[in-house]
Amino acid sequence: MPKNSRKTDIVHGIHTCHITTMDLVPPIHLTSTFRFRDADHGAGIFGGTDTGYVYTRIGNPTVDLLAEKMALLEETQGAVPAASGMAAVASVALTLAGAGDNMVCCSTLYGGTFALFNQDLKKFNIEGRFLPPFQCCDDGQIRKLMDARTRFLFIETPANPTLDIIDIERWAAIAASAGIPLVVDNTFASPYLQRPIALGADIVVHSATKYLGGHGDIIGGVVVGKGEIIERIKSEYFSHFGAVMSPFNAWLFLRGIKTLAVRMERHCQNAQKVAEWLEQHPKISRVFYPGLPSHPGHKTAQKQMDGFGGMIAFEVKGGIEAGKAVMNRVKLCILAVSLGDCETLIQHPASMTHATYTSAERNAAGITDGLIRLSVGIEDVDDIIEDLDQAIR
Ligand code: LCS
């Protein structure tokens with residue numbers, strides 16, 4: 001059989017209907033526990049000599065369907081859905097690292113991830129080591145932070161909120177030479193636009209809350225990677241820390257993913273037009289969008305992505321006060337955190353999503369006080385531009 005195209009996999013991939021019910025859409029297995037045929041069957045599953053579902057924290061058919069779909073789309077073997085993107089990130093960190101270990105990452109990360117790596121993991125004696133954005137392409141600087149206790153490298157690309165583009169192949173080579181995994185947060189791109197494992201990364205994490213769900217109605221995450229590491233994350237973290245995804249949410253994510261390709265194409269088209277319009281606007285001082293030739297990561301993005309995504313960051317002349325006025329005046333765009341929804345969302349990283357950084361940490365990460373982040377939706381792009389135009393004027 002010919003290999004399905006990605007667009008076809010997004011719609012059809014994995015799901016097979018039940019032989020008697022023949023449903024188009026898979027059922028939701030809303031059950032916390034599962035029956036054993038007899039006592040030996042139950043004991044056999046626990047002992048590893050028999051197969052079957054046991055309990056939804058350990059495994060559930062609807063959640064497994066989402067895992068299989070994500071493994072297919074990220075071009076690897078395994079995946080494990082999580083209660084949130086943060087649960088996905090935490091599961092990877094706490095499985096790969098223990099007391100006395102460290103990880104090396106770029107300093108421009110989602111605020112929650114930065115807080116986890118910079119503060120919370122300290123309670124476990126796990127240290128986050130951060131590279132400033134302009135050093136993220138400097139192999140020497142990356143290696144300087146690494147030592148024998150470095151358990152993984154972690155990057156976000158495109159990065160939240162500055163849209164920095166990190167060269168995945170380059171980081172993968174450094175990780176491989178040290179014999180440790182590279183973890184990539186692929187939330188901003190989605191597997192439709194970027195597949196880090198095919199570029200040499202070992203593990204991918206997502207806040208599925210964003211483009212995978214696509215409709216702003218659910219929180220979820222997913223970890224994707226080779227079978228062995230996913231099995232470890234499942235048994236060492238999810239079984240006992242318990243931050244699993246519910247079957248109902250998994251079903252909603254399966255529904256959202258079916259339209260991922262068409263949504264991402266519209267997000268990309270709209271964002272490109274909005275970014276180009278912002279770049280020529282006399283009241284806008286800087287625009288960060290990887291699809292603009294002026295973006296320092298434009299060439300790397302062309303190399304490793306199939307499109308530049310729906311996220312833009314920009315600064316208004318007049319700094320934060322002017323930026324606040326824009327956020328207060330939009331009518332169509334919605335002043336809210338999160339991203340990847342059908343609606344265009346606007347927010348202020350320094351006081352909102354990235355308030356977990358101190359002012360000095362934000363400066364080191366390139367997150368200026370005047371930066372505004374726009375998650376360009378799938379509305380008519382002329383309406384988005386008209387709204388921004390009236391707000392900026
Ligand atoms: N990774 C990235 C790149 C994110 O942007 C987020 C959330 C997470 C992980 C965590 O995922 P969650 O637990 O929320 O599903 N980013 C958000 C943002 O930029 N605004 O609100 C949440």
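The dialogue below takes these features in turn.

Q: What kind of model is this, and how are its residues numbered?
A: This is a predicted model, in which local features need pLDDT of at least 70 and side-chain atom pairs count only at pLDDT 80 or more, while totals for chains, interfaces and linings use all residues. Residues are numbered from 1 along each chain as its sequence is written, and side-chain values use heavy atoms, with hydrogens and water left out.

Q: How many disulfides does the structure hold?
A: A disulfide is a covalent bond between the sulfur atoms of two cysteines; here the term is applied to a pair of cysteine sulfur atoms within 2.5 Å. The structure holds 1 disulfide, which joins C106 to C136 with an S to S distance of 2.0 Å. C106 lies in strand β2 (residues 102-106) and C136 in the loop between β3 (127-131) and α6 (139-145), so the bond ties together parts that are 30 residues apart in sequence. Helices (H or I, at least four residues) and strands (E, at least two) are DSSP runs, numbered from the N terminus.

Q: Are C106 and C136 buried or exposed?
A: Buried means under 20% relative accessible area, exposed means over 50%, and partly exposed is in between (1.4 Å probe, protein chains only). Both C106 and C136 are buried. C137, in contrast, is in no disulfide, the nearest cysteine sulfur, that of C136, being 6.8 Å away, and C137 counts as partly exposed at 38% relative accessibility.

Q: Where do E75 and R195 lie?
A: The side chains of E75 and R195 meet in a salt bridge (3.5 Å, N to O). E75 is in the loop between α3 and β1 (78-82), and R195 is in the loop between α8 (190-193) and β6 (203-207), so this pair ties together parts that are 120 residues apart in sequence. At 38% relative accessibility E75 counts as partly exposed, whereas R195 is buried, with a relative accessible area of 11%.

Q: Which residues form the negative surface patch with D380?
A: Patches are made of residues with over 30% relative accessible area and no salt bridge, with like charges joined within 9 Å and nonpolar side chains (Val, Leu, Ile, Met, Phe, Trp, Tyr) within 5 Å; Asp and Glu count as negative. Here D380, D382, D383 and E386 form a negative surface patch. D380 sits in the loop between β12 (371-375) and α15 (381-392), and D380 is partly exposed, with a relative accessible area of 44%.

Definitions and conventions
Accessible areas come from the Shrake-Rupley method with a 1.4 Å probe; for residues, only the protein chains shown count as cover. A salt bridge is a side-chain nitrogen of Lys or Arg within 4 Å of a carboxyl oxygen of Asp or Glu. The place of a charge is taken as NZ of Lys, CZ of Arg, CG of Asp or CD of Glu.
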